[in-house]
Amino acid sequence: SDHVQRVLKHGMDGRDLQELTDAELTVVAEQEQLASELAAMNASGRLALAYVFVKKMGSLKRAFRWFDTRRIGKIAQVVWDTGFTLLHIDSEKLTGWKPFEIFKQIDIDPCD
């Protein structure tokens with residue numbers, strides 16, 4: 001939800017906690033746990049992204065398959081950007097990069 005996205009971006013206060021559902025609280029707690037683990041490993045950038053995908057999806061291969069919605073071995077940028085929202089990944093906080101910045105780095109055949 002928009003409320004969860006705002007909390008993930010800007011933190012929360014007591015009021016925010018009261019307004020979140022149990023599912024939303026779980027999302028926020030998972031994000032904070034990931035941020036804590038990445039900080040402890042001093043991980044950022046690609047390493048942080050790989051770690052987040054493995055934690056959320058089980059493997060990098062599964063993460064790729066999840067994003068490859070058309071099953072053609074390619075990922076559209078709109079799917080990539082939407083995927084971060086659906087997976088509740090605040091890439092800027094966890095990796096230091098926005099989703100489109102990551103996509104530009106890994107897009108070996110830009111067509112848009």
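Buried residues account for 34% of the 112 residues in the protein. The model is predicted.

**View 1. Overall fold: 8 helices and 0 strands**. From the N terminus, the elements run α-α-α-α-α-α-α-α. Take the contacts between residues at least 6 apart in sequence: 41% of them join residues at least 24 apart.

**View 2. The largest nonpolar core, with 19 residues**. Phe53, Phe67, Trp80, Phe84, Ile89 and Leu94 have the most contacts inside this core. At least two core residues come from each of α3 (22-41), α4 (45-57), α5 (60-67), α6 and α8. Helix α4 gives the most, with 5 residues.

**View 3. Phenylalanine 53 in helix α4**. Phenylalanine 53 has a relative accessible area of 6%, so it is buried. This residue is among those with the most contacts inside the largest nonpolar core. Beyond four places in sequence, Phenylalanine 53 touches Gly58, Ser59, Leu60, Ala63, Phe67, Trp80, Phe84 and Ile89. Four of these partners, Phe67, Trp80, Phe84 and Ile89, are also listed among the residues with the most contacts in the core. Leucine 87 lies 34 residues from phenylalanine 53 along the chain, and their C-alpha atoms are separated by 9.5 Å.

**View 4. Leucine 94 and its contacts**. Neighbours up to four places away in sequence are not counted here. Leucine 94 then touches Gln31, Leu34, Ala35, Leu38, Ala48, Val52 and Ile89. Leu94 is one of the residues with the most contacts inside the largest nonpolar core, and Ile89 is another. Leu34 and Leu38 of α3 also take part in the contact with α4, as do Ala48 and Val52 of α4. Alanine 39 sits in helix α3.

**View 5. Glycine 83 in helix α6**. The relative accessible area of glycine 83 is 1%, so this residue is buried. Leaving aside neighbours within four places in sequence, glycine 83 is in contact with Trp66 and Phe67. Phe67 also touches phenylalanine 53. Glycine 83 and alanine 63 are 20 residues apart in sequence. In space they are 10.0 Å apart, C-alpha to C-alpha.

**View 6. Packing of helix α3 against helix α4**. The two axes come within 11 Å and cross at roughly 135 degrees. At that angle, α3 is therefore oblique to α4. The crossing is right-handed. Helix α3 makes the contact through Glu30, Leu34, Glu37, Leu38 and Met41. Helix α4 contributes Ala48, Tyr51, Val52, Lys55 and Lys56. By class, the contact has 6 nonpolar, no polar and 4 charged residues.

**View 7. Packing of helix α6 against helix α8**. Helix α6 spans residues 77-86 and helix α8 spans residues 99-106. Their axes are 10 Å apart, at an angle of about 140 degrees. The pair is therefore oblique. Helix α6 passes α8 in a right-handed crossing. Gln77, Trp80, Asp81 and Phe84 make the contact from α6. Pro99, Phe100, Ile102, Phe103 and Ile106 make the contact from α8. By class there are 7 nonpolar, 1 polar and 1 charged residues. Trp80 and Phe84 are also among the residues with the most contacts inside the largest nonpolar core.

**View 8. Asparagine 42 in the loop between α3 and α4**. Most residues other than glycine have a negative phi. Asparagine 42 is not a glycine, yet its phi is positive, at about 55 degrees. Its relative accessibility is 70%, so asparagine 42 counts as exposed.

**View 9. Arginine 71 in the loop between α5 and α6**. Arginine 71 has a positive phi, near 55 degrees, in a residue other than glycine. At 58% relative accessibility, arginine 71 therefore counts as exposed.

Definitions and conventions. Residues are numbered from 1 along each chain as its sequence is written. This is a predicted model: local features need pLDDT of at least 70, side-chain atom pairs count only at pLDDT 80 or more; totals for chains, interfaces and linings use all residues. Side-chain values use heavy atoms; hydrogens and water are left out. Axes are lines fitted to C-alpha atoms, for helices over the stretch in contact, and angles run from 0 to 180 degrees between N-to-C directions. Helices (H or I, at least four residues) and strands (E, at least two) are DSSP runs, numbered from the N terminus. Angles under 35 degrees count as roughly parallel, over 145 as roughly antiparallel, 65 to 115 as roughly perpendicular and the rest as oblique. A crossing is left-handed if the near helix is turned anticlockwise from the far one by less than a right angle, and right-handed if clockwise. Contact means heavy atoms within 4.5 Å. Ala, Val, Leu, Ile, Met, Phe, Trp, Tyr, Cys and Pro count as nonpolar, Asp, Glu, Lys and Arg as charged, and the others, Gly among them, as polar. A nonpolar core is a set of buried Ala, Val, Leu, Ile, Met, Phe, Trp, Tyr and Cys residues joined through side-chain atoms within 4.5 Å. Buried means under 20% relative accessible area, exposed over 50%, partly exposed in between (1.4 Å probe, protein chains only).
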